Amino acid sequence: MKLDDMIKTGEKLSYSGAEKDSRVRRYVPAERIVYMTKDELSPNNPEVLVNSAEKQSYIHFDPPICKMKPGSAILLDFGIEMNGGIRIVTAANDSKVSKVRVRFGESVSEAMQTPVDHHAMHNTIFDLAPMAHNEIGNTGFRFVRIDIQDDCDHDLELISIMAVALYRDLEYVGSFSCSDERLNQIWKTAAYTVHLNMQDYLYDGIKRDRLVWMGDMHPEIRTIGAVFHDEDTVNSSLNFVKTHTPLPNFMNGISSYSLWWIISQHDWFMMRGNMNYLREQHEYLSGLLRLLSEFIDENGSEKLEGARFLDWPSSEDEKTIHAGLQALMVWAFTAGKRLAGWLEDTAMAQLCSDSAARLKKHLPEAGTSKQANALLAIAGMLDPEKANREVLAVNPFAGISTFYGYYMLQGRALGGDCAGALEVIRRYWGAMLDFGATTFWEDFDLSWTENACGIDEIPVPGKADIHADFGNYCYLSLRHSLCHGWASGPAAWMSEHLLGVKPLEPGFKVAEVKPQLAGLDWIKGTVPTPYGPIKVSAQKDSNGNMKVDIQAPEGITVK
């Protein structure tokens with residue numbers, strides 16, 4: 001059948017091997033002009049580029065257009081971090097190609113300097129067609145700077161510059177609110193951070209780290225489970241890293257990341273209860289557990305090969321890494337035993353039970369490492385109250401990373417100190433909001449905030465540039481990602497420990513719902529389940545007691 005016939009009959013075009021993109025596009029106007037050249041290089045009518053919604057070029061007679069001379073520049077703020085690019089609509093009266101430099105930035109500083117082109121292009125010279133809507137870029141950004149190149153021999157006539165946001169159109173089924181507005185904003189920002197990273201697969205960063213990093217995914221998966229019904233992103237990402245890691249290799253070349261795959265399979269099955277999906281993992285899971293059991297010595301100590309890694313701040317501390325890997329091994333084999341039970345694989349269950357018992361004979365020295373103490377407490381190898389009292393609650397705002405901060409919060413909750421964990425969330429994650437964040441960062445240290453400019457400001461002499469002046473390891477300076485999914489842990493944590501909703505059986509068939517106020521006056525929210533959302537509210541009454549209301553869908557038993 002010819003194309004014309006297909007169009008007339010309304011038949012859909014079909015391309016062999018083609019895959020439909022499940023994401024949507026939205027045009028987002030700029031909210032403000034942060035910077036533009038002055039005097040003879042000032043753009044004419046720059047205000048038309050703010051809040052502009054015109055997507056189509058047209059012939060103009062009485063312009064509301066912006067004219068920019070060669071050598072001029074303008075920097076726009078689109079108000080919020082997003083994934084995608086920009087659409088530059090040029091006027092139909094202009095008949096010449098224009099050469100422009102486009103710089104994307106997660107901060108003003110990044111867009112004003114020379115962004116690093118890793119994982120995506122952030123700094124490129126383009127030819128703009130006249131009478132056109134030119135689409136440029138595919139990255140993570142909030143700010144865009146446009147420079148008309150000096151060798152352009154004419155003015156550029158602009159109708160609009162809009163961001164083109166690309167994202168999965170998902171309902172926020174999960175929710176959280178409480179008497180502390182700062183915590184509400186942190187929960188929303190954490191949820192939005194992971195949402196932006198739910199692209200083709202589950203990325204770790206939409207600007208840099210557009211890869212499927214298995215360990216980084218665990219806090220992302222926990223947040224997704226607390227916010228969205230979506231299974232496709234998690235399932236496809238877990239399958240992707242499995243498919244690209246034939247045994248006996250470790251996922252992403254990092255031994256702990258194969259452990260995180262097992263733990264993630266357990267946690268995701270508890271949240272969604274998809275037995276068909278779990279059965280698809282059986283063969284690989286069994287082989288991986290057998291492989292891991294070979295890395296335990298006669299004393300019960302882990303001897304994992306491959307890259308030995310927990311998080312970047314602990315990456316040079318061999319004792320911390322060993323203690324953390326020992327805990328993760330116990331955690332993974334404990335999870336593996338439960339998965340084996342659901343798969344009715346008695347041999348695999350026995351292997352996991354024996355391996356966990358061997359590993360528990362060796363308790364490594366955790367010292368003052370918050371990473372190691374948190375993991376050992378979670379794995380049941382260290383008294384959580386002792387870990388919290390002696391390490392996690394000591395100098396509580398130091399030694400945190402946005403990745404392992406989630407497990408430090410978990411350790412504090414296990415130690416009965418949710419109020420202390422909340423103060424860490426307020427101070428540590430909240431400080432990023434104070435400095436202009438609309439998503440949470442790859443890493444952060446409160447010391448960076450001393451005499452520093454926010455990410456939404458032009459840096460000034462005498463003050464630190466919080467984006468360009470800090471960072472370590474793989475995230476030095478402007479390479480530092482300001483939207484990293486592994487930083488979303490507070491959303492999952494608040495849903496689990498304040499709303500108090502946890503699955504006791506796969507798919508929330510049996511759920512524990514034990515809300516706690518932890519010093520708040522009231523809380524309310526919802527948690528997604530395969531049966532529909534569980535709704536929880538709690539508040540202090542006039543006597544200071546907690547009044548609780550729980551609404552669970554049919555099919556869920558609440559304990």
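Visitor: Where does Asn51 lie?

Guide: Asn51 lies in the loop between β2 and β3, where helices (H or I, at least four residues) and strands (E, at least two) are DSSP runs numbered from the N terminus. This is a predicted model, in which local features need pLDDT of at least 70 and side-chain atom pairs count only at pLDDT 80 or more, whereas totals for chains, interfaces and linings use all residues. Residues are numbered from 1 along each chain as its sequence is written, and side-chain values use heavy atoms, with hydrogens and water left out.

Visitor: OK, and is Asn51 buried or exposed?

Guide: Asn51 counts as exposed, at 55% relative accessibility; buried means under 20% relative accessible area, exposed over 50%, and partly exposed in between (1.4 Å probe, protein chains only). Asn51 also has a positive phi of about 60°, although it is not a glycine. Most residues other than glycine have a negative phi, and most peptide bonds are trans.

Visitor: What about phi of Asp209?

Guide: Phi of Asp209 is near 95°, again a positive value in a residue other than glycine. Asp209 sits in the loop between α3 and α4, and Asp209 is buried, with a relative accessible area of 9%.

Visitor: And which residues does a cis peptide bond join?

Guide: Leu247 and Pro248 are joined by a cis peptide bond, with omega about 15°, and Pro248 is placed in the loop between α5 (232-243) and α6.

Visitor: Switching to pockets, what volume does the largest pocket have?

Guide: The largest pocket has a volume of about 800 Å³. On a 1 Å grid over the protein atoms alone, a pocket is an open set of points where a 1.4 Å probe fits, with protein on both sides within 12 Å along at least five of seven lines, and lining residues have an atom within 4 Å of a point. Grid points are joined across faces, edges and corners, and a volume is the space filled by probe spheres set on the points.

Visitor: Which residues lie nearest its centre, and how many line the largest pocket?

Guide: The lining of the largest pocket holds 29 residues, and those nearest its centre are Arg222, His266, Asp267, Gln410 and Glu496. Elements that give two or more residues to this lining include helices α4 (214-227), α6 (255-272) and α8 (318-342), as well as strand β12 (501-503). By class, the lining of the largest pocket has 16 nonpolar, seven polar and six charged residues; Ala, Val, Leu, Ile, Met, Phe, Trp, Tyr, Cys and Pro count as nonpolar, Asp, Glu, Lys and Arg as charged, and the others, Gly among them, as polar.

Visitor: What's the second largest pocket like in volume?

Guide: The second largest pocket has a volume of about 260 Å³. Of the 13 residues that line the second largest pocket, Arg26, Ala165, Tyr167, Tyr192 and Leu196 are the closest to its centre. Two or more lining residues come from each of β1 (24-29), β4 (73-90), β8 (156-167) and α3 (181-196). By class, the lining of the second largest pocket has ten nonpolar residues, one polar residue and two charged residues.

Visitor: New topic, how many salt bridges are there in the whole structure?

Guide: A search of the whole structure finds 27 salt bridges, each being a side-chain nitrogen of Lys or Arg within 4 Å of a carboxyl oxygen of Asp or Glu. One of them pairs the side chains of Glu157 and Lys67, at 3.7 Å from N to O. This pair links distant parts of the chain, with Glu157 in strand β8 and Lys67 in strand β3 (residues 66-68), 90 residues apart. Glu157 counts as buried at 12% relative accessibility, whereas Lys67 is partly exposed at 31%.

Visitor: What about Asp521 and Lys540?

Guide: The side chains of Asp521 and Lys540 meet in a salt bridge of 3.9 Å, N to O. Asp521 lies in the loop between β13 (510-513) and β14 (522-527) and Lys540 in strand β15 (residues 534-540), so the pair ties together parts that are 19 residues apart in sequence. Asp521 is partly exposed, with a relative accessible area of 45%, and Lys540 counts as partly exposed at 40%.

Visitor: Which residues are linked in a network of salt bridges?

Guide: Asp21, Arg23 and Asp200 form such a network.
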